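Biologist: I have a model open and would like to learn how to read it. Can you take me through it feature by feature?

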Amino acid sequence: MGEVNDESVQVPSATRSSRLPGFHRRSMEERWRELALRGDLTPEELRVLCAMDAPHLDVVNQMIENAVGVFALPLGLGLNLTVNGRDHLVPMVVEEPSVIAAVSLASKLVREAGGFLAEANTSMMIGQVQLTGYGDPELARVRLLAGKEQLLALANSFHPSLEKRGGGACDLQVRILPAPEGPHAEPLLIVHLLVDTQEAMGANLINTMAEGIAPLVEQLAGGRVYLRILSNLADQRLARASCRIPVASLAGLGTSGQDIAEGILQASRFARADPYRAATHNKGVMNGIDAVAIATGQDWRAIEAGAHAYACRDGRYGPLTNWTMEDGHLVGRIELPLALGLVGGSIKVHPGAQLGLKLLGVSTVRELSMVFAAVGLAQNLAAVRALGSVGIQQGHMAMHARCVAVTAGARGADVEKVVRLLMERGNIKVEAAREILASLQAPLPP
Ligand code: NDP
């Protein structure tokens with residue numbers, strides 16, 4: 001992979017057309033040249049795209065279409081996490097300040113109380129096949145269920161190695177759903193193919209199976225198949241974690257343990273009662289889960305979709321965690337679907353994902369799910385502990401002030417000085433940071 005040189009990026013008056021025929025067939029160097037022209041990029045800006053070394057650029061070129069570079073995000077380590085008696089260093093890729101500090105702090109509290117307990121289901125995923133024009137829905141259901149073994153055998157023929165590993169298609173259900181248009185329209189007939197995807201997230205292999213069995217579904221029940229794809233509501237693949245903390249050991253932030261516990265219980269009630277609050281509550285949970293998902297090469301959009309759909313499973317959006325008081329202990333629980341993989345997708349291809357998984361030190365995808373669930377619960381504990389007492393702004397603003405100082409141009413030792421003065425003045429704005437920086441850099445009077 002080549003390097004950006006200054007003469008390759010002479011920038012004429014750029015045209016902003018998004019029509020770039022044949023872009024995907026060009027080499028990385030050709031794409032950079034085109035980008036410099038189209039995007040009005042300076043040589044410095046272009047160098048940001050190739051901040052990684054050549055092997056990594058080759059990898060991204062294989063991973064996605066029209067690749068032009070790498071977008072780096074900070075990678076940090078969540079500390080203190082103990083799950084089922086095992087310690088894990090948690091690699092987290094995240095741009096938001098305070099997330100890693102929060103997970104580390106809450107994990108420390110839980111660690112001192114014995115650590116997280118967690119469990120996870122097997123990797124059972126759902127493939128959906130939509131059948132229309134089938135005539136009598138009950139008759140179609142009976143015919144499909146009568147052909148179940150034939151359908152499962154056909155599904156497994158598309159991935160025999162999965163079955164050999166102990167997984168594969170193992171059950172089939174037929175669901176008849178009311179038509180969204182009203183009682184006079186054809187009800188929806190959806191076949192659910194249940195597949196144990198073992199150590200893989202499983203989207204691709206399920207989609208292959210769902211497409212593969214479609215002709216037999218049509219043959220058995222009549223009608224026409226439309227969609228054939230996995231469901232991201234992976235509710236057969238749940239992970240759970242819990243923690244139990246003596247109330248006294250919650251004391252901190254200038255507040256007694258009892259008061260902190262009460263604040264957490266109030267936060268939990270609020271999220272159970274109000275979807276507006278539950279959305280923010282769950283965003284906090286996903287702060288941790290997404291960060292470790294990115295660091296380990298997972299499809300975090302799939303995880304997000306599954307988590308929020310599961311949060312709505314009772315017909316009303318609710319929190320993914322729950323906090324109660326039991327025998328003088330604050331007890332937290334989380335349950336959510338986690339479709340993760342140790343193989344498949346880009347996991348084996350992306351060197352960062354491999355590094356992340358090595359750091360995490362898990363040997364099975366179920367163990368990975370348990371760690372993810374514990375991270376989500378830790379993140380939530382830190383958030384509700386602060387929200388139910390002193391609020392989160394105190395911690396957030398210190399980190400925000402660092403970003404503001406850097407945005408204003410502070411570097412090295414100046415960053416801390418600018419942050420301190422911004423915090424003292426209570427005005428954390430870029431303009432204020434620029435003024436402080438200018439005063440720090442002004443020559444001393446003779
Ligand atoms: P792959 O298509 O890469 O399949 C995983 C493969 O890994 C299996 O087919 C299997 O092949 C191999 N494998 C090796 N060892 C094992 C093992 N122990 N257990 C299971 N499989 C093993 O990935 P997935 O099917 O997991 O699909 C994930 C990808 O799909 C992600 O990139 C995701 O972003 C994407 N995706 C997501 C969608 C969604 O969420 N809606 C939709 C479409 C795609 P073999 O048996 O031949 O060795």
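**Cavities, pocket, helix and salt bridges**

Modeller: Start inside: about 40 Å³ of space lies in the second largest cavity. This is a predicted model, so local features need pLDDT of at least 70 and side-chain atom pairs count only at pLDDT 80 or more, while totals for chains, interfaces and linings use all residues. Residues are numbered from 1 along each chain as its sequence is written, and side-chain values use heavy atoms, with hydrogens and water left out.

Biologist: What is a cavity, and what is a volume here?

Modeller: On a 1 Å grid over the protein atoms alone, a cavity is a set of points where a 1.4 Å probe fits but cannot get out; lining residues have an atom within 4 Å of a point. Points are joined across faces, edges and corners, and a volume is the space filled by probe spheres set on them. The structure holds two cavities of 30 Å³ or more.

Biologist: Which residues line the second largest cavity?

Modeller: N232, A234, A302, I303, G306, P337, L338 and A339. Helix α11 gives the largest share, three residues. By class, six are nonpolar, two polar and none charged. Nonpolar covers Ala, Val, Leu, Ile, Met, Phe, Trp, Tyr, Cys and Pro; charged covers Asp, Glu, Lys and Arg; the others, Gly among them, are polar.

Biologist: What is the volume of the largest cavity?

Modeller: About 50 Å³. Its lining includes A120, R237, L338 and R366. The largest share, three residues, comes from α13. Such helices (H or I, at least four residues) and strands (E, at least two) are DSSP runs, numbered from the N terminus.

Biologist: How does a pocket differ from a cavity?

Modeller: A pocket is an open set of points with protein on both sides within 12 Å along at least five of seven lines. The largest pocket here has a volume of about 1,300 Å³. It is lined by 39 residues, and M63, I294, G297, S346 and H350 lie nearest its centre. Helix α12 gives the most to this lining, with five residues. The lining divides into 24 nonpolar, 13 polar and two charged residues.

Biologist: Is helix α13 mostly covered or mostly open?

Modeller: Mostly covered: 20 of its 23 residues are buried. Buried means under 20% relative accessible area, exposed over 50%, partly exposed in between (1.4 Å probe, protein chains only). For length, the expected span is 1.5 Å times one less than the number of residues. Helix α13, residues 365-387, reaches 33 Å from its first C-alpha to its last, close to the 33 Å expected.

Biologist: How many salt bridges does the structure hold?

Modeller: First the idea: side chains of opposite charge can pair when their charged atoms come close. The rule asks for a side-chain nitrogen of Lys or Arg within 4 Å of a carboxyl oxygen of Asp or Glu. The structure holds 16. One joins D87 and R111, with the closest N and O atoms 2.7 Å apart. D87 sits in strand β2 and R111 in helix α4, 24 residues apart. Both are partly exposed, D87 at 45% and R111 at 35%.

Biologist: Which residues form a network?

Modeller: R26, E34 and R38 are linked by salt bridges. Another pair is E335 and R240, at 2.8 Å, N to O. E335 lies in strand β10 and R240 in strand β8, so the pair ties together parts 95 residues apart in sequence.
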